[in-house]
Amino acid sequence: MITPPSSLRRSERSRRATLQAALDLCTEKGYGRVTIEAIAARAGVSKKTIYRWWPSKGAVLLEAFTDALVDATPFVDTGDIGADLRTHVAGAVKLLTVPPFGPAYAGILSELHHDDVLAQALKDQLVDPRVEEAVARLRSAQDQGQIPPGANLPLAVEMLYGPVYYRHVLRKPVQDEETIADLVAHVLRALGAPGY
């Protein structure tokens with residue numbers, strides 16, 4: 001007896017096809033020229049399917065970018081907060097420098113000023129969860145004695161990520177390994193971490 005595919009599997013297949021189509025089109029045409037119609041045609045799904053899951057092309061690309069960023073920048077704990085942060089930041093920098101992710105994220109950021117729904121989605125789906133994970137990793141380092149008690153961990157996260165996204169948004173040269181190491185050392189020094 002052949003079991004028909006479940007609607008969940010079919011939905012996941014359509015979701016992945018939609019996300020990949022959006023990323024491919026962003027690479028080929030640039031963020032501004034991507035449309036829901038083109039994404040639907042490329043993914044082999046209907047516009048209705050896309051709008052059932054996402055309110056805009058920005059939301060589609062945000063989900064694709066978030067998935068890629070989470071995969072590329074895990075918060076590992078090797079017991080060395082400096083090494084872990086350097087690896088983490090390097091992953092984010094690398095992702096932002098390659099199409100389609102860098103251009104997609106720049107396009108998403110450009111729409112935030114006139115799309116309140118997308119701005120809230122960015123905060124809820126990407127920024128807040130990643131800040132929470134970063135603070136948790138710093139708190140673990142604090143528990144291990146690598147960062148002093150009382151250090152302002154949320155501010156440290158802003159200090160760590162701010163320069164990365166500043167350079168991306170202003171299209172400045174990307175950080176190399178040495179610059180990333182300097183950034184991490186500066187943040188850890190500001191926190192009063194021993195050895196920095």
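Mentor: The lining of the largest pocket has 11 nonpolar, 3 polar and 2 charged residues. Here Ala, Val, Leu, Ile, Met, Phe, Trp, Tyr, Cys and Pro count as nonpolar, Asp, Glu, Lys and Arg as charged, and the others, Gly among them, as polar. This is a predicted model, where local features need pLDDT of at least 70 and side-chain atom pairs pLDDT 80 or more, while totals for chains, interfaces and linings use all residues. Residues are numbered from 1 along each chain as its sequence is written, and side-chain values use heavy atoms, without hydrogens and water.

Trainee: How is a pocket found, and how much space lies in the largest pocket?

Mentor: Rolling a probe the size of a water molecule over the atoms shows where empty space is left. On a 1 Å grid over the protein atoms alone, a pocket is an open set of points where a 1.4 Å probe fits, with protein on both sides within 12 Å along at least five of seven lines; lining residues have an atom within 4 Å of a point. Points join across faces, edges and corners, and the volume is the space filled by probe spheres set on them. The largest pocket holds about 400 Å³. Among its 16 lining residues, Tyr-105, Val-127, Val-131, Tyr-161 and Tyr-165 are the closest to its centre.

Trainee: Which element gives the most to that lining?

Mentor: H8, with 6 residues. Helices are DSSP runs (H or I, at least four residues), numbered from the N terminus.

Trainee: And what space lies in the second largest pocket?

Mentor: About 260 Å³, and H8 again supplies the largest share of the lining, 4 residues.

Note on methods: Helices (H or I, at least four residues) and strands (E, at least two) are DSSP runs, numbered from the N terminus.
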